[in-house]
Amino acid sequence: MSAQPGQSSHPSNPFTACPASPPEPAGSEPPALDTLTCSLTVPGAPYSAQIARAAVRSVLHAYRLDPLAPAALQVTGELVAAAWRLDPGRSLYLSVRYRDDSLRLTVYDGHAPHAHPRLAAHCEARRRAALRLMGAVVRDCGGAWGFGDSREPGGGTRTWASLLRSGAAGYLG
C-alpha cells in the first residue's frame, strides 16, 4: 500500500497533513475598517522606525487603505524615531487603530515623566522639537496629536497622532 502525500503508510495512523488554506475568492471584500487594530513591539533601536513603517504599510494594504500610506508612514516613522531618541535601548510599543473615519497611531515608550518642573518642561520641549515635522504632517491631514503619561503598566509616555481619512488620503496629492 502506498501512502498519499501528507499521510502515513501505517493504516491505523489517524493523523494527516493540515489542509491548505483556501484561496481568497476573486472580488472578495476587504475586512471591515472598524476591525483594524494592530499592535507591534519593536526594540528601541535606530532601525525600528523602518520595521514599524513596513508593518503599518502592510496593515493599510490589507484593509485597502493604501491612499493613507504616505501620511501614515511619515507619522509612524517620526513617532518611533522620537521615542527611540528619548528612551534608547528599551522596547517601544506601536498601536494602529481605525475608528470614526480616522487612523490613530500611538507609540508607548518607557520614558517616565520628570517630577521636577524644569526637567519636565525641558523634556516636553525636546519631544515637541523631535516631532515638529510629524506635527506639520498631522495638521496638513486635518488631524491632531499629543503626548502624556502612559496608562500602561510600568508608566512611560504615550505619544499619539490621529489622521482623518479624507485628509490623509489627499496628503501629497
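This report walks through the strands, the core, a cavity and a few individual residues of the structure above.

A word on the ground rules: this is a predicted model, so local features need pLDDT of at least 70 and side-chain atom pairs count only at pLDDT 80 or more, while totals for chains, interfaces and linings use all residues. Residues are numbered from 1 along each chain as its sequence is written, and side-chain values use heavy atoms, with hydrogens and water left out.

**Strands**

Helices (H or I, at least four residues) and strands (E, at least two) are DSSP runs, numbered from the N terminus. Two strands are called paired if DSSP finds at least two bridges between them. Strand E1 (residues 37-42) and strand E2 (residues 92-99) run antiparallel and are joined by 6 bridges. Serine 39 has serine 95 in E2 as its bridge partner. E2 and E3 make a hairpin with 2 residues between them, and aspartate 100 in the turn has a positive phi of about 50 degrees. Aspartate 101 lies in the loop between E2 and E3 too, with a phi near 60 degrees, a positive value in a residue other than glycine.

Another positive phi in a residue other than glycine, near 55 degrees, turns up at arginine 64, which sits in the loop between H1 and H2.

Buried means under 20% relative accessible area, exposed over 50%, and partly exposed in between (1.4 Å probe, protein chains only).

| Residue | Relative accessibility | Class |
|---|---|---|
| Threonine 106 | 6% | buried |
| Glycine 110 | 15% | buried |
| Arginine 64 | 44% | partly exposed |
| Aspartate 101 | 47% | partly exposed |

Threonine 106 belongs to strand E3 (residues 102-109). Setting aside residues up to four places away in sequence, threonine 106 touches Tyr93, Leu94, Ser95, Arg158, Thr159 and Trp160; contact here means heavy atoms within 4.5 Å. Glycine 110 is in the loop between E3 and helix H3 (117-130). Leaving out neighbours within four places in sequence, glycine 110 is in contact with Asp87, Arg90 and Gly156. From glycine 110 to glycine 44 it is 66 residues in sequence and 9.9 Å in space, C-alpha to C-alpha.

**The core**

A nonpolar core is a set of buried Ala, Val, Leu, Ile, Met, Phe, Trp, Tyr and Cys residues joined through side-chain atoms within 4.5 Å. The largest one has 35 residues, and Val56, Val75, Leu79, Leu103, Leu105 and Leu163 have the most contacts inside it. At least two residues of this core come from each of helix H1 (48-62), helix H2 (69-86), E2, E3, helix H4 (132-140) and strand E5 (157-164). H2 supplies the largest share, 9 residues. Beyond four places in sequence, leucine 163 touches residues including Ala71, Val75, Leu103, Leu105 and Val138.

**The cavity**

A cavity is a set of points, on a 1 Å grid over the protein atoms alone, where a 1.4 Å probe fits but cannot get out; lining residues have an atom within 4 Å of a point. Grid points are joined across faces, edges and corners, and a volume is the space filled by probe spheres set on the points. The count comes to 1 cavity of 30 Å³ or more, and the largest cavity holds about 40 Å³. Its lining is made of Cys38, Ser39, Leu40, Ala55, Val56, Val59, Leu94 and Val96, with E1, H1 and E2 each giving two or more residues.

Notes. 1 Å grid on protein atoms, 1.4 Å probe; cavity = no way out; pocket = protein on both sides within 12 Å on 5 of 7 lines; lining within 4 Å.
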